[in-house]
Number of protein chains: 2
Amino acid sequence: MTDTPRPSKRNEIRAQNETLILQAAEKVFAEAGFGGATMQLIADVAGLPKANLHYYFATKEELYRRVVQNIFEIWLHAADSMDGADDPAEGIGAYIEAKMEISRRHPNGSKVWASEVMHGAPVIQDYLETTLRDWTRGRAALIQRWIDEGKMAPVDPEHLLYMLWATTQHYADFGHQIETLNGGRPLDDLQWQAAKDSVKSMILRGIGAA
Amino acid sequence: MTDTPRPSKRNEIRAQNETLILQAAEKVFAEAGFGGATMQLIADVAGLPKANLHYYFATKEELYRRVVQNIFEIWLHAADSMDGADDPAEGIGAYIEAKMEISRRHPNGSKVWASEVMHGAPVIQDYLETTLRDWTRGRAALIQRWIDEGKMAPVDPEHLLYMLWATTQHYADFGHQIETLNGGRPLDDLQWQAAKDSVKSMILRGIGAA
DNA sequence: TCTCTCCTTGACCATATGGTCAGGAAAAGA
DNA sequence: TCTTTTCCTGACCATATGGTCAAGGAGAGA
């Protein structure tokens with residue numbers, strides 16, 4: 001998808017700075033929202049002068065768009081785990097696993113995504129209408145097939161997908177709340193495992209695939 | 001909780017304008033986030049001059065805080081539906097119903113709340129640590145009791161609560177996404193009913209209380 | 001080495017925004 | 001009616017912010 005130009009000092013610097021900026025931007029956008037984020041703060045986090053950001057990303061909007069697109073890629077790729085399976089317990093279980101892992105590894109990305117959608121998807125509306133819609137139709141069909149084959153209860157596939165998204169992403173988007181309720185400490189390895197297991201078992205049982 | 005001063009033209013005007021501003025603010029904060037919202041825009045939506053907002057609410061932060069507190073009230077009150085029941089199917093079913101109704105009636109409030117938590121709860125951290133924590137402990141204990149009484153499967157009460165919050169609030173916070181996937185139209189009455197039924201049946205079955 | 005292209009950045013600018021204030025209008029009370 | 005208190009608002013201000021630019025520095029190719 002992204003072409004990798006032959007490495008040279010120049011290209012290295014470019015790639016390095018771009019990812020540096022994108023990482024900083026993701027963090028700042030997640031913590032402050034698009035409106036609350038400032039190019040100056042992103043620059044500080046990235047450890048670069050502000051003018052340098054504008055060399056790589058012309059506008060705040062462009063930088064933001066790149067951040068959101070990156071998340072969307074990751075988000076969609078998690079679906080791969082669902083595809084290979086011919087069993088809901090296996091397929092949906094793996095999908096939950098993958099999405100929980102995303103919530104754990106990319107909480108900021110998840111927040112940016114949530115924020116983007118909450119604000120009416122100003123920059124990725126077209127993706128929602130094309131890529132995401134196709135994706136959703138495909139998985140809904142897959143789920144429907146499983147239902148028809150008697151492998152799970154006859155639930156509404158779309159609402160099942162919403163439940164999967166909601167529940168898994170909640171651990172990133174509302175991570176602060178969960179952390180607060182956990183005595184101010186982030187979930188540790190064991191607690192993450194418990195979270196995954198809980199979500200998986202409740203949902204799989206909920207769709208009659210346990 | 002809020003004392004109602006004896007009605008007079010003055011107090012009426014005050015109350016009326018405050019709610020007018022709060023409603024406008026809720027909408028604008030939900031759509032633009034705290035950072036993206038401007039006092040000018042809120043004023044325009046409320047149909048008042050900007051200086052008038054500052055007469056009733058000294059600062060943007062104060063106005064925002066009031067909006068968030070209002071949501072929190074509603075949010076907590078939904079729990080009442082869970083309390084009367086001595087059966088998980090009844091109690092949790094009613095709670096889902098109540099929270100789905102909130103998502104439908106107060107989507108903007110839900111978004112403001114989500115945004116606030118996502119950004120680290122800058123203004124309601126103390127509520128999270130006191131009111132919400134107590135609330136959560138109480139309901140977790142209630143759920144545990146149901147489990148001990150053999151009325152439902154032995155799930156982790158906290159993760160069940162997270163799932164309830166996540167799933168129900170998703171219909172407000174990600175309403176735009178759902179609307180897009182629904183062909184650009186908001187869910188109609190029937191679809192909302194289907195959503196409620198889906199969520200309820202999947203979760204209740206998932207906790208062995210169906 | 002010389003030249004060209006790309007990278008870096010301090011200084012700068014126009015604008016938008018939160019917030020102020022003085023003075024007037026409208027209720028409330030005496 | 002007269003006074004006091006509350007409400008209303010246009011004009012104004014200081015500041016923060018996104019974005020620009022010109023001049024210099026560093027790789028790359030010849």
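**View 1. Residues around DNA strand C in the predicted model.** At least two residues each come from helix H1 (9–36) and helix H3 (50–56) of chain A, and from H1, helix H3 (50–56) and helix H4 (60–77) of chain B. Helices are DSSP runs of H or I, at least four residues, numbered from the N terminus.

**View 2. Protein atoms at phosphate oxygens of DNA strand C.** A polar side-chain atom of Asn52(A) lies 3.2 Å from a phosphate oxygen. In chain B, a backbone N or O atom lies 3.2 Å from a phosphate oxygen for Ala37(B) and 2.9 Å for Met39(B).

**View 3. The interface of chain B and chain A.** In contact (heavy atoms within 4.5 Å) are 54 residues of chain B and 54 residues of chain A. The two chains bury about 4500 Å², 66% of it on carbon and sulfur atoms; this is the accessible area (1.4 Å probe) lost on being put together, summed over both. Met118(B), Leu181(B) and Met202(B) supply 17% of the area that chain B buries against chain A, more than any other three residues.

**Notes.** The model is predicted: local features need pLDDT of at least 70, side-chain atom pairs count only at pLDDT 80 or more, and totals for chains, interfaces and linings use all residues. Residues are numbered from 1 along each chain as its sequence is written, chains are lettered from A and ligands numbered from 1 in the order written, and side-chain values use heavy atoms, without hydrogens and water.

Definitions and conventions
A polar contact is a pair of N or O atoms within 3.5 Å; within protein, one must be able to donate a hydrogen and the other to accept it, and residues adjacent in sequence count only if both atoms are side-chain atoms.
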